[in-house]
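Subject: Structure for your review

Hello,

Here is the structure I promised to pass on. My notes on what turned up in it follow below.

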Amino acid sequence: MSQRILFVCLGNICRSPAAEGVFRARAPHYPSDSAGTSDWHVGDPPYAPMQDAARARGLNLGDLRARQFSANDFDAFDLIIGMDSSNIDKIESLRPPGNATRVRLLTDFAPQSGADHVPDPYYSRDFDGALDLIEVAVDGLVAHLDA
Ligand code: 4NP
């Protein structure tokens, strides 16, 4: 079954574009996108420090542009993946009646990490730490999808 994957964070300029960039490098055979629950950065490329940290790992995020998550995404994707519980709460608040699309935390796919969310590097400034966790969790996600 084809699985369309959407990564969601708050601004769509740090964590979710990084997750999308890692995911499309690892699993280009799955359609994927990312979005933010806010409209704060719509149309913007990923935050420059995150692009720099990603580029150092061979990931180019430069073509990505932020957009806002909407209720239409429940029909357009098969699996919606948030970075923290506030993302999940906002996503669920927009779920159309009767829709059964799966919504999960990215860290659900990295139980060995012990993390229950991806800390926001926009505030922590730990872009490499965020990428380390995102890479481990996306590996777990890809293994889950390919299984
Ligand atoms: P993100 O990080 O949700 O990982 O994209 C943020 C980016 C920008 C802001 C907050 C979080 N902001 O307040 O502009």
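Predicted model: local features only at pLDDT ≥ 70, side-chain atom pairs only at ≥ 80, totals over all residues.

A polar contact here is a pair of N or O atoms within 3.5 Å.

R15 has a polar side-chain atom 2.8 Å from an oxygen atom of the ligand. For N12 the polar atom belongs to the backbone, and an oxygen atom of the ligand is 3.2 Å away from that atom. On its own the ligand exposes 350 Å², of which the protein buries 93%. The residues around the ligand include C9, L10, G11, W40, D120, Y122 and Y123.

Next, Y30. This residue sits in the loop between α1 (15–26) and β2 (32–36). Its relative accessible area is 11%, so Y30 counts as buried, the cut-off being under 20%. Beyond its neighbours within four places in sequence, Y30 is in contact with Q3, F23, L145 and D146. Its side chain reaches the backbone oxygen of L145 at 3.2 Å. Y30 and V142 lie 112 residues apart in sequence, yet 9.5 Å apart in space, C-alpha to C-alpha.

Last, helix α2 (residues 48–55), where M50, Q51, A53 and A54 are buried. Viewed down the axis of α2, its buried residues fall within an arc of 165°, so they line one face of the helix. They pack against α1, α5 (121–124) and α6 (127–146).

Regards

Terms used. Residues numbered from 1 in each chain as written. Heavy atoms only, no water. Helix = DSSP H or I, 4+ residues; strand = E, 2+ residues; numbered from the N terminus. Buried < 20%, exposed > 50% of the residue type's maximum accessible area, 1.4 Å probe, protein only. Contact = heavy atoms within 4.5 Å. Polar contact = N/O pair within 3.5 Å; in protein donor to acceptor, adjacent residues only side chain to side chain. Arc of directions from axis to C-beta. Near = heavy atom within 4 Å. Areas by Shrake-Rupley, 256 points an atom, 1.4 Å probe, with all protein chains shown as cover.
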